[in-house]
Amino acid sequence: MPVAVTVKDVSPHAFVKAYAAHLKKSGKLPVPEWTEYAKTGAFKELSPNDPDWFYTRCASIARHVYLRGSVGVGALTKLHGGRYRRGTRPSIHASGAGGVARRALQALEKVGILEKDKNGGRKISSHGQRTLDRISIRVARESSSIDEE
C-alpha cells in the first residue's frame with residue numbers, strides 16, 4: 001500500500017459509501033426535512049428508495065469538488081442528471097434537481113468541508129481535504145485487507 005493515499009487512489013464507490021456513513025455517524029450534517037419526499041430530478045418518476053440518500057449525495061459532491069476544484073450548482077446538476085425517456089422519441093439528457101445540489105453544497109459548507117471560492121462556486125477547505133484524505137486511507141486499508149485474504 002502506498003504511503004500517501006488520497007481520494008484519487010481509492011475506488012469511487014467505496015469512498016462515497018464510507019464517507020456517507022461517516023457523515024451520518026457524525027450527526028453534524030443538516031439534512032432538510034423534505035428529503036423524504038423529494039425527487040432527485042424532473043426525469044425521475046419516484047423519490048430514492050434509500051432513506052439516507054442525502055448523505056450519499058453529499059459524499060458524492062464532496063468527492064467531485066475535491067477532484068475538480070471550483071464547482072457550482074450548474075455543474076452538479078449536469079453531473080447528477082440522467083436519461084429523460086420520451087416514449088417513442090429518442091431519450092435526451094436531463095439535469096438533476098438544482099435544489100438538491102444547492103442544499104447539499106450549503107450543508108457541506110456549514111460543516112466546514114467546503115468554502116466559497118472567490119471566482120464563484122465552492123472549493124474544498126483545508127479541513128475538508130484532511131477529512132476526505134483520512135477517509136480514503138481507511139478505505140484503502142479495508143480494501144487491501146480484503147485483497148490479502
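Is K123 buried, partly exposed or exposed? K123 counts as partly exposed, because its relative accessibility is 32%, where buried means under 20% relative accessible area, exposed over 50% and partly exposed in between (1.4 Å probe, protein chains only).

1. Basis of the note. This is a predicted model, in which local features need pLDDT of at least 70 and side-chain atom pairs count only at pLDDT 80 or more, while totals for chains, interfaces and linings use all residues. Residues are numbered from 1 along each chain as its sequence is written, and side-chain values use heavy atoms, with hydrogens and water left out.

2. Salt bridge of K123. The partner of K123 is E115, and the closest N and O atoms of this salt bridge are 3.8 Å apart. A salt bridge is here a side-chain nitrogen of Lys or Arg within 4 Å of a carboxyl oxygen of Asp or Glu. E115 is likewise classed as partly exposed, at 33% relative accessibility. By this rule the count comes to three salt bridges.

3. Salt bridge between E109 and R122. In this pair the closest N and O atoms are 2.6 Å apart. E109 belongs to helix α4 and R122 to strand β4 (residues 122-124), so the bridge ties together parts that are 13 residues apart in sequence. Helices (H or I, at least four residues) and strands (E, at least two) are DSSP runs, numbered from the N terminus. E109 is partly exposed, with a relative accessible area of 26%, whereas R122 is buried, at 12%.

4. Salt bridge between K24 and D52. The side chains of K24 and D52 meet at 2.6 Å, N to O. This pair links distant parts of the chain, since K24 sits in helix α1 and D52 in the loop between α1 and α2, 28 residues apart. K24 is partly exposed, with a relative accessible area of 43%; D52 is also partly exposed, at 23% relative accessibility.

5. Nonpolar core. In soluble globular proteins, nonpolar side chains tend to be buried together. A nonpolar core is defined as a set of buried Ala, Val, Leu, Ile, Met, Phe, Trp, Tyr and Cys residues joined through side-chain atoms within 4.5 Å. The largest one has 34 residues, and those with the most contacts inside it are F15, Y19, L29, L108, I113 and L132. Two or more residues are given to this core by each of α1 (12-26), α2 (53-68), α4 (98-111) and α5. The largest share, nine residues, comes from α2.

6. Aromatic pairs. The structure holds two aromatic pairs. Rings of Phe, Tyr and Trp (its six-membered ring) pair if their centres lie within 6.5 Å; planes under 30 degrees apart count as stacked, over 60 as edge-to-face and the rest as tilted. F15 and Y19 are stacked, at 5.9 Å centre to centre and 10 degrees between the planes. Both lie in helix α1, four residues apart, about one turn of the helix, and both are buried. The pair W53 and F54 is edge-to-face, because the planes stand at 85 degrees, with ring centres 5.9 Å apart. W53 is buried at 7% relative accessible area, and F54 is buried at 2%.

7. Surroundings of T131. Which residues does T131 contact, leaving aside its neighbours within four places in sequence? They are Y19, H22 and I113, contact meaning heavy atoms within 4.5 Å. T131 is found in helix α5 (residues 126-148) and is buried, with a relative accessible area of 5%.
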